[in-house]
Amino acid sequence: MKALLLLLGAGMLGGASILLAKLVVGAGISPLSYLFWQCLGAGGVLLVISALRRDMPSFAPRYLRYYFIAGLVSLALPMGVGYFMVPHLGAALAGVFTAMPPLITYLLSMCVGLERARLGRMVGLMAGFAGILVLYVPQLSGPDSTLLVYLLIAAIIPLSLAMGNVYRTADWPVGANPVPLAAGMMLASALYCLGFETLRDTVMVPSIDQSYLWGIIMVQIVVAALMYMCHFELQRVAGPVYLSQIGYVMALTTLIGGVALFNEELRPELLITLGCVVLGTFLVRPGGKKAASHAVDV
């Protein structure tokens, strides 16, 4: 039950994060600048929580390696590519890519020995993926001459997310707790975003009188901090495959939020999708090797 609650919590918070991003980016802030403020603020919040618990992130080389690799493949790279590709591919096709990481995560986990082939789990993942396809495929527009190039670039998103899911488990430092690791990853991601935006000379800082934007950014920081607390705890207790289903919950949350907040059309396919995701979540129960007890400290 704990794993299910963490899955739902992280997924719904992730969906809320996307909805908030729509508001801010629509107001004119560069997507990566927004991601920078999100990572910096949420990393700072998690750092304070770690300090209050007297469990500060370690800055030993072994931990720094974890922060920067996890920050790149789990957050900075896939989110950065996603922000730039969605205008070219459209939201519908982007939604299909967010549903792919669970299957890729399972295959990668089997390759590195974190999971064994199990029919029930594979059927569950396929059920969730089929549900997302039922929801998004009808929206796909006709192909154009540049679609293949954008598809090949966008394939980085699910592959990177899946690699991040597996890496965080396989290289989880022995004895490390979730919150300090999440804080280190978020701050490392902020550095990646800041570096990239500095090279492009597009770092954006809302002015003092833009209280609307700062208000959304503050809410986003809290949402992101809570999300990654759930995310890393779920990684610790349930492993990478169960964790990867966050993408399904995020997709549904974003759809429901779009209908409720942005007056988007509610389609009957949602009921089919919801049933498939519920079935998939039931079949893909927590399993496999747990990160904290099976990591190798190097």
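Predicted model: local features only at pLDDT ≥ 70, side-chain atom pairs only at ≥ 80, totals over all residues.
**View A. Helix 8 against helix 10.** The axes of helix 8 (residues 156-170) and helix 10 come within 10 Å of each other and cross at roughly 65°. On the side of helix 8 the contact is made by Asn 165, Arg 168 and Thr 169, which meet His 231, Phe 232 and Gln 235 of helix 10. Sorted by class, the residues of this contact are one nonpolar, four polar and one charged.

**View B. Helix 1 against helix 10.** Here the axes come within 8 Å and cross at roughly 155°; because angles over 145 degrees count as roughly antiparallel, helix 1 and helix 10 are described as roughly antiparallel to each other. The crossing of helix 1 and helix 10 is left-handed, and by class their contact holds 21 nonpolar, four polar and three charged residues.

**View C. Helix 1 against helix 12.** Helix 1 (residues 2-26) and helix 12 (residues 246-262) have axes that come within 7 Å and cross at roughly 45°, which makes helix 1 oblique to helix 12. The crossing of this pair, helix 1 and helix 12, is right-handed. Among the residues of helix 1 that meet helix 12 are Gly 11, Gly 14, Gly 15, Ile 18 and Lys 22, while the residues of helix 12 in the contact include Val 249, Met 250, Thr 253, Gly 257, Gly 258 and Phe 262. By class, the contact of helix 1 with helix 12 comprises 13 nonpolar, seven polar and one charged residues.

**View D. Helix 1 and the residue Gly 28.** Just after helix 1, Gly 28 takes a positive phi of about 110°.

**View E. An aromatic pair between helix 2 and helix 10.** A search of the whole structure finds six aromatic pairs, and one of them is formed by Trp 37 and Trp 214 in an edge-to-face arrangement, with 5.6 Å from centre to centre and 75° between the planes. The pair links distant parts of the chain, since Trp 37 lies in helix 2 (residues 31-52) and Trp 214 in helix 10 (residues 211-238), 177 residues apart.

Conventions
Residues numbered from 1 in each chain as written. Heavy atoms only, no water. Axes fitted to C-alpha atoms, helices over the stretch in contact; angles between N-to-C directions. Helix = DSSP H or I, 4+ residues; strand = E, 2+ residues; numbered from the N terminus. Parallel < 35°, antiparallel > 145°, perpendicular 65-115°, else oblique. Left-handed = near helix turned anticlockwise from the far one by under 90°. Contact = heavy atoms within 4.5 Å. Nonpolar A, V, L, I, M, F, W, Y, C, P; charged D, E, K, R; others polar. Phe/Tyr/Trp six-rings, centres within 6.5 Å; stacked < 30°, edge-to-face > 60°.
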